[in-house]
Amino acid sequence: MREDQQFTTAEPMKCIWMTAGVVQYKLCDYEYDCDNCGFDRAIRQRFPVHERASQLTNEQKCRIDESLFYHLKHIWMRVEEEGKVRVGLDDFGQRLIGRIYSAHLPDAGERIHDGCWRITHQFGEVSMSGGMDGLVVQKNQQLEQFPSLINSSPYDKGWIFILEPKDLLQSLKSLYYGKKAKEWFADELNKLRSMLVESNPEVGITLQDGGMFRDDFGSFVNAEIINKFLCVPVPDSGSHANSNGR
Amino acid sequence: MFRIALVPVGFVDVAVLEWLAVAITDTTHLPCSIRKEVVDPSDTFHPARQQYNSTQILSKIVGLQDGDNTKLLGIASVDLFIPILTFVFGEAQLGNRAAVISLHRLKQPFYGLPEDNQLLYERCEKEAIHELGHTFRLLHCQKFDCVMHFSNSIEQIDLKHNTFCSECAAIFNKSL
């Protein structure tokens, strides 16, 4: 290891822009959390060419809103007024599914259970998780006419339903949030990446460094992969019959 | 004992090849040479993407004759891709003999910055060691400063060292 690359806690952390030779001297104040660094943002805006390259990759990244809670089947949840919870499909989920042809949503008053809503996509249908136990208060009626809102605006106009949770605090404990959510997202992307890399018989298993998923990475997936990440087993009909009680 | 052979893929600056031959030996303590013949990447070009298919180039490198104990590392100047990813800095057979890296996105002018050969050499070395590491069965490492850490961007390459962390070094030494 070269001397200038020794990295211990006793030594200052050089900003990546210093290492890249863009600025003469700048130490990192954010423990290399560049996404939240104002200096990093400022430098990227200063160099239009680099900024273009950067925007391109950002568009091709799956976006995650760290202010939301996430169920491991890629359902996001936002706690709103009076403890109600807005539910949607995250960006990873919508990209994986690709073009959504229709969304079958539960009606107001229905009890949330696994498979309480379904999405029809190019390979068939997938039963989705409801995120947490509770009752549906309102569904997004716009999705009946415009299901692709889930694709175009997964964290906003493409929300699925609002629910009244049975036990909000307890339910939140099992969900990903903040840094944990970000790490889980990265793990999911890596898992998908290893599933999608085509195996070439002459070359065998390979590993790559670099690159982002293409924006159309959904066109490389199949029903089996979609189900692996998103599908939940639907419980017996008796245990989740349409119910207004808890 | 293993040895490393660098294989030019298309036209590659000889200064980069010679520097890599020395740097790889310094880091891995394995002898490294430069092969005379050049692998032609032209039939792996994808016109719509304006990039070259990395796995197809790897397949050509696999076909080169050399001893069983030789790891073949292709060095390309052109931009590489695999179908699902926007680009790759490099690709390697896991626990096998062939790997390839691209210099295209390691150069500062790609990012609109002035040329910096020293930085290019350092990045080349990191990518070369990273891909060779895969041929010695090493997987991606979670430690951000280990050379085996996965990098989706050039900034992440600059962050990591040119050496293995202690766990990766142990696996590497065991597979020698």
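Modeller: A crossing is called right-handed if the near helix is turned clockwise from the far one by less than a right angle, and left-handed if the turn is anticlockwise. Please keep in mind that this is a predicted model.

Colleague: Fine, so which hand is the crossing of H8(A) with H9(A)?

Modeller: H8(A) passes H9(A) in a right-handed crossing, and the two axes come within 12 Å and cross at roughly 160 degrees. Since angles over 145 degrees count as roughly antiparallel, H8(A) and H9(A) are therefore roughly antiparallel to each other.

Colleague: Which residues make that contact?

Modeller: On the H8(A) side they are A:Glu188, A:Lys191, A:Leu192, A:Met195 and A:Leu196, and H9(A) contributes A:Ile225, A:Lys228 and A:Phe229. Sorted by class, the contact of H8(A) with H9(A) has 5 nonpolar and 3 charged residues, with no polar ones.

Colleague: What about the largest nonpolar core, which residues have the most contacts inside it?

Modeller: Those are A:Leu96, A:Trp117 and A:Leu192, in a core of 68 residues. Helix H8 of chain A, residues 178-196, gives the most to this core, with 6 residues. Apart from it lies another core, of 51 residues, which includes A:Ile43, B:Ile75, B:Ala128 and B:Met148.

Colleague: And what does A:Trp117 touch, away from its sequence neighbours?

Modeller: Beyond four places in sequence, the contacts of A:Trp117 include A:Ile75, A:Leu89, A:His104, A:Pro106, A:Met128, A:Ile160 and A:Phe161.

Colleague: Switching to chain B, how do H1 and H3 pack?

Modeller: Helix H1 of chain B, residues 14-28, packs on helix H3 of chain B, residues 117-135, at an angle of about 55 degrees, with the axes 10 Å apart. That angle makes H1(B) oblique to H3(B), and their crossing is right-handed. Among the residues making the contact are B:Trp19, B:Leu20 and B:Ile24 of H1(B), together with B:Tyr121, B:Ala128 and B:Leu132 of H3(B). The residues of this contact divide into 12 nonpolar, 2 polar and 2 charged.

Colleague: Last one: is B:Val9 buried or exposed?

Modeller: B:Val9 counts as buried, because its relative accessibility is 1% and the cut-off for buried is under 20%. B:Val9 is found in strand S1 of chain B, residues 3-9.

How values were computed:
Residues are numbered from 1 along each chain as its sequence is written. Chains are lettered from A and ligands numbered from 1 in the order in which they are written. This is a predicted model: local features need pLDDT of at least 70, side-chain atom pairs count only at pLDDT 80 or more; totals for chains, interfaces and linings use all residues. Side-chain values use heavy atoms; hydrogens and water are left out. A nonpolar core is a set of buried Ala, Val, Leu, Ile, Met, Phe, Trp, Tyr and Cys residues joined through side-chain atoms within 4.5 Å. Buried means under 20% relative accessible area, exposed over 50%, partly exposed in between (1.4 Å probe, protein chains only). Helices (H or I, at least four residues) and strands (E, at least two) are DSSP runs, numbered from the N terminus. Contact means heavy atoms within 4.5 Å. Axes are lines fitted to C-alpha atoms, for helices over the stretch in contact, and angles run from 0 to 180 degrees between N-to-C directions. Angles under 35 degrees count as roughly parallel, over 145 as roughly antiparallel, 65 to 115 as roughly perpendicular and the rest as oblique. Ala, Val, Leu, Ile, Met, Phe, Trp, Tyr, Cys and Pro count as nonpolar, Asp, Glu, Lys and Arg as charged, and the others, Gly among them, as polar.
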